[in-house]
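Reader: I am new to this structure. Please show me how to read it, one feature at a time.

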Amino acid sequence: MARKHKQEDPLHAALEALKRVSEAFARRRAQLARGAGLTEAQWRVLEQIAAEDFMPSLFARRQEQTPAAVSKLIRQLLDRGLVEVSISTGDARKRRYALSAAGRQAMETVRKDRQRAVDRIWSELDARDLANFAAFAADLAERMERYEKSETRRKSESQRPEKTRRSGAGVRK
């Protein structure tokens, strides 16, 4: 049986703590959705519909889902009476989505449950610790996003065909 190191290095301790926080947030998000009788995916759609100007195709792209998957979610929400749909007054080709009374109630349930958790978990933390955490988390997120973009760019560049000097034809690496 492998023994744990008596003193874990700070990098791995930070990564492990971040993993635990991330997993706890994911479990809590699922718990909040279930408390309102929703799946997480349904909750995400309701959040976007509540924000107005909901466009299923744009939502699908942002969530990296297929339009068919988003259409299925919308049908589920319509079947459950959580969403209402009408033809847009400005453009008859577009649909206008809105939360029904039941949809607003589901979102209110989530909001209240979330606020109760925030009050219990975060309210007793020191304001300076929260400010330091917020600054650290923002910096970490920016670093991760920059790295993600650079890796995406690097991989797309390495997959482009090279042009030869003489023919100009593409040659794969």
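Author: Start with burial. A residue counts as buried when its relative accessible area is under 20% and as exposed when that area is over 50%, with partly exposed in between. This is a predicted model, and buried residues make up 18% of the 173 residues in the protein.

Reader: What does the secondary structure come to?

Author: The protein has six helices and four strands. Along the sequence they follow the pattern α-α-α-α-β-β-α-α-β-β.

Reader: Which residues of helix 2 are buried?

Author: Helix 2 covers residues 40–50, and its buried residues are Ala-41, Gln-42, Trp-43, Val-45, Leu-46 and Ile-49. As a general idea, an α-helix has 3.6 residues a turn, so residues three or four places apart point the same way.

Reader: What do the buried residues of helix 2 pack against?

Author: Their partners are helix 1, helix 3 (56–63), helix 4 (67–79), strand 1 (83–87), strand 2 (95–99) and helix 5 (101–121). After helix 2 comes Glu-52, with a positive phi near 70 degrees.

Reader: Where on the protein does negative charge gather?

Author: A surface patch of negative charge is formed by Glu-8, Asp-9, Glu-16 and Glu-23. Patch residues need over 30% relative accessible area and no salt bridge. Glu-16 lies in helix 1 (residues 10–35). With a relative accessible area of 38%, Glu-16 is partly exposed.

Note on methods
Residues are numbered from 1 along each chain as its sequence is written. This is a predicted model: local features need pLDDT of at least 70, side-chain atom pairs count only at pLDDT 80 or more; totals for chains, interfaces and linings use all residues. Side-chain values use heavy atoms; hydrogens and water are left out. Patches are made of residues with over 30% relative accessible area and no salt bridge: like charges are joined within 9 Å, nonpolar side chains (Val, Leu, Ile, Met, Phe, Trp, Tyr) within 5 Å. Accessible areas come from the Shrake-Rupley method with a 1.4 Å probe; for residues, only the protein chains shown count as cover. A salt bridge is a side-chain nitrogen of Lys or Arg within 4 Å of a carboxyl oxygen of Asp or Glu. Lys and Arg count as positive and Asp and Glu as negative; His and the chain ends are not counted. The place of a charge is taken as NZ of Lys, CZ of Arg, CG of Asp or CD of Glu. Helices (H or I, at least four residues) and strands (E, at least two) are DSSP runs, numbered from the N terminus. Buried means under 20% relative accessible area, exposed over 50%, partly exposed in between (1.4 Å probe, protein chains only). Contact means heavy atoms within 4.5 Å.
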